[in-house]
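Please examine the sequence and the three-dimensional structure shown below.

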Amino acid sequence: PDCTLVNLADLPDDGAGTPDAPCISSCEHATATYYVPYAPGATYSWSVAGGTYVAGGNPAEIIVSWGAAGPGLISLSINGGAPLLFCVDILPAPVAGFTMSDATPCLNSTVSFLDNSVGASSYFWDFGDGNTSTMPNPDHQYAAPGNYTVCLYVMNSNFNAAGDPLCCCTDTICQDLVVDSLPGPSIYCLSTLCAFDSTKYWTDA
């Protein structure tokens, strides 16, 4: 479902918790727009619990910034009438996070990216050089020197008790990486080793 643009006229007034009326879903710390059809000359009085709001493009529209996960409420009175009440289920969002094996790698060296996000179910990596990955913990090589911004986009999928999809909540984190203009040296050893053996390594750098 579209959780960022919601026409409240499509939803029944649920009395803010009528047992048979489902709540609107949104994601914690997300921004969404709620509206009803605008009638020029009408007055619209809004209130929101569980978040803050600002006026939208007309008096029949608000933009809400939701707070932490939990219950929320939207109330709307038109022309001073009895308020329409819409309960909101503010869903937990994932928290994106990752580490990289080297933030200043040599040219064509492998960089390992380790996801340490919380609550994520799917991943999208943008390595900043036109390449992407959907693996949780990908490896990547940079073929050209320079500064790159690596971004991880994470998402969690939410469903109600009947298995119907709710909002997919997302988070993003980006970190910078600098690729050196020189490739890393080749490293050699004498042979395959067994456990507890010792050997010598050398390089042609």
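A residue is called buried when its relative accessible area is under 20%, exposed when it is over 50%, and partly exposed in between, using a 1.4 Å probe and protein chains only. By this criterion, buried residues account for 32% of the 205 residues in the protein chain. The model is predicted: local features need pLDDT of at least 70, side-chain atom pairs count only at pLDDT 80 or more, and totals for chains, interfaces and linings use all residues. Residues are numbered from 1 along each chain as its sequence is written, and side-chain values use heavy atoms, with hydrogens and water left out.

A nonpolar core is a set of buried Ala, Val, Leu, Ile, Met, Phe, Trp, Tyr and Cys residues joined through side-chain atoms within 4.5 Å. The largest such core has 19 residues, and Leu8, Tyr34, Tyr44, Trp46, Trp66 and Ile74 have the most contacts inside it. A second, separate core of 16 residues includes Ala96, Met100, Tyr148 and Leu177.

A disulfide is a pair of cysteine sulfur atoms within 2.5 Å, and the structure holds four of them. One joins Cys3 and Cys167, with sulfur atoms 1.9 Å apart; Cys3 and Cys167 are both buried. Another links Cys23 and Cys87. Here Cys23 is partly exposed, because its relative accessibility is 40%, whereas Cys87, at 7%, is buried. A further disulfide connects Cys151 to Cys174; the torsion about its S-S bond is about 105 degrees, so this disulfide is right-handed. Cys151 is buried at 9% relative accessibility, while Cys174 is partly exposed at 39%.
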